Structure formats: structure tokens, C-alpha cells
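Dear colleague,

Please find the structure below for your files. My notes on its aromatic rings follow.

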Amino acid sequence: MPSASRFTAAHLASACLAGMVLVSACDLAQAGSGLPPLPAMGPSLRKAVAFETGEQPGTIVIRKNEKALYLVTGQGQALRYQISVGRDGFGWTGTVKIASKTEWPEWRPPREMRARRPELPAMVPAGPYNPLGARALYLSRDGRDTLYRIHGTNDPKGVGFDGTSGCFRLTNTDVIDLFKRVAVGAKVVVE
């Protein structure tokens, strides 16, 4: 991950254009006063809970109506993470797999998103100002990228609400924890 001192005005401008960085960060950058403070990693919203399912340990079950992601840890047990889910028009259900995992990912808004919001940059570099946050788990169906992700955020206050474009967002603290626990190829059930 690049250090805060290596971020350029272009990096920050791209992040500000993405509309996902705290307003104060954009204001500071535009004022020419240097880089803003690093976004908070956010609290851990993870809890060990009783969870009845027929799914095997290591499976992720996302219950959109609860705004919760469950990682099955054993018979009748799971870790529950609070998440944000897709706003109206972006919801989906089904079974997918984790195709890959990335630490401090770049963000390249999909073509469809850029068509809706042409002010978005083609790419936001990896680092703490990136809207995908500290980690991303890329979801695929039948070997094809779904363009949906389980990822962190540079705005931890935004977790727990509808508001994503179909992805599932956790605090950076929680996505780092989940990232360490989940294997590539793990099953993800979205209900």
C-alpha cells in the first residue's frame, strides 16, 4: 500500500471524483493544504452467533434483508458481519464463488457505472482513499466475473445501509478479518 505521503493530488482528485471519500478530504485537497487525514479503518461489527444452516464451514451466507454476512464456522455457528447492500435496482440473489482476493485493490468503475456517472475516473489507485477499502473479494459465477465484490470502505459510517451498486461493503477492520478467514473458491450464497 502506498504511504499517505506518496499520494498525489491526482490520486486524491480521482478519489474525490468517485464521490466516496469524506467531504472534508476533498475540501482539504482542493484548498491546497496537503493530504487529508487517513480515513478511519472503522470498528469491528463482527459477532460470533448461533446460525442454523446446511452450508459447510467456510461458506459465506449473505442475508440482504438483515444487512448481514455470515461466515459459517461450524455446525450451528457463524461469524456475523454487518454490511451495506445494493440499493433499489441493484439487488441480486444467487450462489457464486470467491474467484480471487486482493489486498488494497485498485478500483475501476464498471462501464455501466461510468455511463450512469460520467464524472467517475477510469481508475482510482490502491490505498486508503480508494472506495474498495483495504481488501476485496471478487465474486464469479460459472468462472465469469460477476462485477460484484465483498469489500471494505474508506467511509466506515456508511456500513449498515442500502447504498452500494450491488456489492457488499464491510468496515476495513472487518473485511481484513474476513479476508484472512476465507479461501479462494469459497461458496457465497446471497439471499
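Rings of Phe, Tyr and Trp (its six-membered ring) pair if their centres lie within 6.5 Å; planes under 30 degrees apart count as stacked, over 60 as edge-to-face and the rest as tilted. This is a predicted model, in which local features need pLDDT of at least 70 and side-chain atom pairs count only at pLDDT 80 or more, while totals for chains, interfaces and linings use all residues. Residues are numbered from 1 along each chain as its sequence is written, and side-chain values use heavy atoms, with hydrogens and water left out.

A search of the whole structure gives three aromatic pairs. In one of them, Trp92 and Tyr148 are stacked, at 4.8 Å centre to centre and with 20 degrees between the planes.

Phe168 is buried, with a relative accessible area of 1%. Together, Trp92, Tyr148 and Phe168 form one aromatic cluster.

Two charged side chains also deserve mention. The charged end of Lys101 sits over the ring of Phe179, 4.5 Å from the ring centre, and the charged end of Arg135 sits over the ring of Phe179 at 5.5 Å from its centre. Here, a charge sits over a ring if NZ of Lys or CZ of Arg is within 6 Å of the ring centre and within 35 degrees of the ring normal.

Yours sincerely

Notes:
Buried means under 20% relative accessible area, exposed over 50%, partly exposed in between (1.4 Å probe, protein chains only).
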